[in-house]
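Hi everyone, thanks for coming. Let's look at one structure together and talk about its aromatic rings.

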Amino acid sequence: MSLIVADIGGTNARFAVSAQGESSLRHITHLQCADFAKFEDAFEGFLAGLPRDEQSGHRVLSLAVAGPVNNQIVDVSNNHWRFDKNQLLERLALDKLLVINDFTAQALAQHEAADGDRSQILDGVEDTSAPLLVIGPGTGLGVSALITVAQGPLPVEGEGGNIRFAPQTEPEQDLCAFMEQQTDHVVVEHFVSGPGLENIHRFLADQAGMGRSLSAEMIATSALHEEGVSRDAVNLMIGILGAVMRDHVLTMGCWRGAVITGGIMPRLQSLIVSSPLERRFRSAGEMSHILGNVPMWLATDPHAGLKGAQAAFGNPYLAHRMVTG
């Protein structure tokens, strides 16, 4: 029996088929969440696109979802999709359903990541006995950690993108005040994400007397080609990301290292060297000497979420999340 794996974010829905006992993925498909009223429709759309002899017989689904997954009802973050786990099991005629956080999947994908799946952007000494931080700006900001124990990788599930934003420079204080005009609870993903980059650009453009708002895609393209407000916005976002990563590494003792995933940062890779990322990540007062030894990688595998969902299905620490018919 084949396993279907899915990775659902605020914007994209990715699907694939995994044959039992195999590590490879087949029929990898990318869909837009906005094109479907609910997850079930996207699932059926994926099945309809498979070869005719593979459109039936799929009774097992491992689903990585952006947002909290503890409750029976799952609301996908930054997305209009919402489902009940038991009802989803029944409607899709599944025997087994595993629902995990999308960054739990991203973390699991890093357990045995190949050299070609990520590039090192900061040197350091990898302490393999310590946790690994996995963080990624996308439609939101995902945060997880991975602990290697005897029974296999243990993922730490959380919502680190929704911790309060703590401004540490004067521009960040002004940025926070700007965001407080729109919400009374400013969190880090308001600035470290695709929409967050748009918020920063709008703030800087407003300061410069420019009324034009740009999409994250347009900001990234402009930043790559010329100096100006767009590049300033990218540098401010990357600097905040570095500070957020530093705080998470210190909080969880992630001396093994930190991995940046998601769709935004690989696009901006050429700007990382000149950005404040390393300075903000390494600056930790009396703990700076420890942060100076922590390596950092940039993940470049677009299918990491699917691979993590595949790995999650056999992970003993996630067995309690399995829903069965």
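There are 8 aromatic pairs in this predicted model, where rings of Phe, Tyr and Trp (its six-membered ring) pair if their centres lie within 6.5 Å. Residues are numbered from 1 along each chain as its sequence is written. Since we're looking at a prediction, local features need pLDDT of at least 70 and side-chain atom pairs count only at pLDDT 80 or more, while totals for chains, interfaces and linings use all residues; side-chain values use heavy atoms, leaving out hydrogens and water.

Let's begin with phenylalanine 15 and phenylalanine 46. Their rings are stacked, with 5.1 Å centre to centre and 15° between the planes; planes under 30 degrees apart count as stacked, over 60 as edge-to-face and the rest as tilted. Phenylalanine 15 sits in strand S2 (residues 12–18) and phenylalanine 46 in helix H1 (residues 39–48), so this pair ties together parts 31 residues apart in sequence. Helices here are DSSP runs (H or I, at least four residues), as are strands (E, at least two), numbered from the N terminus.

Are these two buried or exposed? Phenylalanine 15 is buried at 0% relative accessibility, and phenylalanine 46 is buried at 2%. Buried means under 20% relative accessible area, exposed over 50%, and partly exposed in between (1.4 Å probe, protein chains only).

Next, phenylalanine 39 and phenylalanine 83 form a tilted pair, 6.1 Å centre to centre with 40° between the planes. Both are buried.

Finally, ring pairs join Phe15, Phe39, Phe43, Phe46, Trp81 and Phe83 into a cluster.
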